[in-house]
Amino acid sequence: MWYFRAPRVFAFGEGALDYLKEVEGNRAFVVTDKTIVKLGFLDLVMEKLKESGKEVASFDGVTPEPPEEIVYESLKVAQKFNPDLIIGLGGGSVLDVAKVTQVLFEHPDLPMLEIMPLTPITIKKTTLIAIPTTSGTGSDATASAIITNTKEKYKMELNHPVLIPHTSILDPLLTKSLPPKVIASSGMDALAQAIDGYTVQWRNDFSNGLCIHSTRMILEYLPQVYENPEDSKAREKLHNAASISGLAWSNSFLGITHSFGHAMGAVFRIPHGITVGMVLPYSIEYAMKTHSNLYGELARAVGAAKSSDDDKVATIKLRDKIVKIMKELEVPRSLKEYGISKAKFEKNFDDLVRLTSESAVNIFNCREPTTEDMKRFWNYMYDGKSIDF
Ligand SMILES: [Fe+2]
C-alpha cells in the first residue's frame, strides 16, 4: 500500500499572506530568524495575525543548518506562551525548527531521533503553518525535517507524516529581497529534490508528474530569478515550483544527492543547496550506467532533450543543462573549486564516507552505491572529474 500526503491548504500567489486572517486559532507562535526580523517580514505577519484578534509571540533565534539546541530553545518559548497555532516563517532551517518544535510541544518527552515513520505520534493541540521565504527546500510541503546533531557532527533526517504542515502559504512578496547566493543555493536544492524524486526506487504515479513539472519550472525560472530578482512573475513561478518539488519528493523519496550533500554539509559547513547542487551532475553520471532510461525520460519530458534523443544522449543533455545553469548561478562544480584544500579533504575523508553510508537515502537511489563506489565518488567530486564507473 502507498500513500500520497500533502498539506490541507496551499495559499499561493501575490497577497497569499492575507490567508493568515482566515486561519483559525487564538494564540500564534511564530518561529523565525534575525534576517526575517530585519526585513520586516515578522512585523508584517504579526500585524495580520493581530488584525484577526490573535495573541502573538515569537522566537527569532533559528540559525542555518539548525542544531538541536535551537529547537529546544524555541520549544521553551512555546511552552511559556502555550500556542494553538505554530507558524514557521523563513527558509528551510526555520520551517524545520518550527515543525520539530510543534512535535515536541505536544510530546515533550519524545527523543528527537524518534520522530520517524514507525513511531506513533499524534498532533492534537496545535496547527502548523509554514510560510517559506526562500524558494528551495519545499519543507512547507514535506514530511521531513533536518536537524544537526552538533556533538556527533551529523544531520538527523527526521521523517514523519505529522511533520507535514497543515497549511502552506506561498507569497512571492517574501522572496523579493533574497541575496543571489541564497536564490542559487535554495534553487539548486529544489532542482536536486525534483530530479531525485523522479528517479528513486519509490517513484510512483502520484509524484512523477509533480517531479516533471517542478523540474521543468525550476530549469526555466531559476536562472531568470537569479539574473533579475525583480521579475515578480518568475519569482512566483520559482516559489511555487520549490514547494511542488517538496511535495513531489516527500511522496517519493530522495537519492544520493542528499546522502553526499548532507555529509558534505555536516563536515564542511557548506550550505545545503550548494552541497546537493554540487552532487547533482555526478549523481546523474553515476546512475547513467544502469538507469539512463529514467533520466532520459525526464530530460525529454522537461524539454532538456529532443523526443528523438535516445536515453543516454538525453541524460547527457540534462546533465549539461544543469551544469550550464550552475555556471550561470556561480555554483562550484567541485570541492576543490569551493575552496576545500586537499589536506582538509583527506583529513575528513573517512568521516565523509562514513556519514554518506549512514544516510537512509542510499538504498532508495536508482543505483545503490557500495562503500567502494562512495569512496571513488568523493575523490571524483573533489577533483571535478566526471563519473566513469
Ligand atoms: Fe534538500
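I'll start with overall size: for 389 residues, a compact globule would have a radius of gyration near 21 Å, and the protein agrees with that because its value is 20 Å. That radius is taken over C-alpha atoms, and the globule rule is 2.2 Å times the number of residues to the power 0.38.

This is a predicted model, so-called local features need pLDDT of at least 70, side-chain atom pairs count only at pLDDT 80 or more, and totals for chains, interfaces and linings use all residues. Residues are numbered from 1 along each chain as its sequence is written.

The C-alpha trace spans about 60 × 45 × 45 Å along its principal axes. Of the 389 residues, 53% count as buried, meaning that 20 or more other C-beta atoms, placed from the backbone, lie within 10 Å of the residue's own.

The protein has 13 helices and eight strands. These are DSSP runs, H or I of at least four residues for helices and E of at least two for strands, numbered from the N terminus.

Now the domains. Domain 1 covers 9-175 and domain 2 covers 180-383; the bounds come from an automatic or database domain assignment. Their centres, taken over C-alpha atoms, are 26 Å apart. Each domain puts 27 residues into the contact, where two residues touch if their C-beta atoms, placed from the backbone, lie within 7 Å.

On the domain 1 side, the elements giving two or more residues are strands S6 (144-149), S7 (154-159) and S8 (167-170). S7 gives the most, with three residues.

Last, contact range: among contacts between residues at least 6 apart in sequence, 76% join residues at least 24 apart.

Terms used: A residue is buried if 20 or more other C-beta atoms lie within 10 Å of its own, exposed if 12 or fewer, and partly exposed in between; C-beta atoms are placed from the backbone.
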